[in-house]
Amino acid sequence: MSEEIEKVKCLIIGSGPAGYTAAIYASRANMHPVMYQGLQPGGQLTTTNEVENFPGYPQGITGPEMMIELQQQAERFGTDVRGGWITKVDFTGPVHKVWVDGEKEIHADSVIIATGASAKYLGIESEQKYLKNGGGVSACAVCDGFFYRGQEVVIVGAGDSACEEASYLSNICTKVTMLVRREQFRASDIMEKRVKGIENITIMYNTEIDEVMGDGQVVQQVRTKNNKTGETTEIPCTGVFIAIGHKPNTDVFKDWLDLDETGYIINKPGTSKTNIEGVFVSGDAADHVYRQAVTAAGTGCMAALDAERYLAAKGIH
Ligand code: NDP
């Protein structure tokens, strides 16, 4: 099926806090943005229960509710929000070509990428069950750690993220058990030393989660297995934090944009500009350090302002 090529001034790809904030700014600036939401409308926040650290919500708000409100705010100013997945791009010319669902072709004067990143999970059934029902599995200690204050938790991973999150959790929780699948950390020396020096962090090496156990609603313990000896252990805990890395959703751009070794888009420092004129990036697709809803929203704003100035400089009204 072939359709007519659609021309747009500003195309926003992705629908998390970065994409919606870009949309609010772009629509208020009369850029008539068109947004494609991607496979997970609302992004990573739709897998979070309560968001308590986004300014302006003194009583907190659930992730899905916040994303609905952001969408309504973007639509109120005229953003055209559509379902669809970008399958191919061609950034050779001044007009950026983008294909949606392998069919529809769009020519955009400016493109704002807000495709985010996805947390990696272990992939075992019991982990996914308690993740989906919000019963105690999380991939973000800063987002969800507070719900486990005064309780015992487990964290999986041994990179810088796991160390940072373990250290963060140790201030909130009574006990943090860190499960390291090899005999050594992957994290930088300084981070490794820091967690080793914290009294209420216990480190178990060569250890992986065999099953997340609970009453069907909430987590009560994990069964771990030592991958050298085969020995299993049950560790009581109410929260299981998975910190084994993130994957930025940038595969479709890899032939055009400068990416770092893990696939994050490299932006020009202090801006949302990429190596291609008129293509801007916001949110977690370019951020492996902060990864917060509020930082994503901030860079979404930057991308819309950069795109607006780009269009004005090119005389595109
Ligand atoms: P990393 O890829 O560095 O580390 C992932 C960790 O998870 C490793 O210990 C890995 O084990 C473990 N792991 C992976 N898969 C599994 C699994 N299936 N089961 C159990 N364990 C598993 O990811 P990070 O998110 O920690 O860091 C990503 C990048 O961001 C790094 O470059 C890091 O330096 C950077 N970063 C920097 C920070 C800072 O500067 N403040 C903070 C956070 C991140 P193994 O070692 O065996 O592969």
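**View A. Packing of helices H5 and H6 in the predicted model.** Helix H5 spans residues 160–170 and helix H6 spans residues 189–196. Their axes lie 9 Å apart and meet at an angle of about 30°. Angles under 35 degrees count as roughly parallel, and H5 and H6 are therefore roughly parallel to each other. The crossing in which H5 passes H6 is left-handed. On the H5 side, the contact is formed by Asp160, Cys163, Glu164, Ala166 and Ser167; on the H6 side, Met191, Glu192, Arg194 and Val195 take part. By class, the residues of this contact comprise four nonpolar, one polar and four charged.

**View B. The second largest pocket and its lining.** This pocket has a volume of about 230 Å³. Its lining consists of 16 residues, divided into six nonpolar, eight polar and two charged. Asn267, Gly283, Ala286, Asp287 and Thr299 are the lining residues that lie nearest the centre of the pocket. Helix H7 (residues 293–313) supplies the largest share of the lining, with four residues.

**View C. The largest cavity and its lining.** The count gives one cavity of 30 Å³ or more, and the volume of the largest cavity is about 30 Å³. The residues that line the largest cavity are Ala139, Ser161, Glu165, Ile242, Ala243, Gly245, His246 and Arg291. This lining has three nonpolar, three polar and two charged residues.

Terms used
Residues numbered from 1 in each chain as written. Predicted model: local features only at pLDDT ≥ 70, side-chain atom pairs only at ≥ 80, totals over all residues. Heavy atoms only, no water. Axes fitted to C-alpha atoms, helices over the stretch in contact; angles between N-to-C directions. Helix = DSSP H or I, 4+ residues; strand = E, 2+ residues; numbered from the N terminus. Parallel < 35°, antiparallel > 145°, perpendicular 65-115°, else oblique. Left-handed = near helix turned anticlockwise from the far one by under 90°. Contact = heavy atoms within 4.5 Å. Nonpolar A, V, L, I, M, F, W, Y, C, P; charged D, E, K, R; others polar. 1 Å grid on protein atoms, 1.4 Å probe; cavity = no way out; pocket = protein on both sides within 12 Å on 5 of 7 lines; lining within 4 Å. Points joined across faces, edges and corners; volume = space filled by probe spheres on them.
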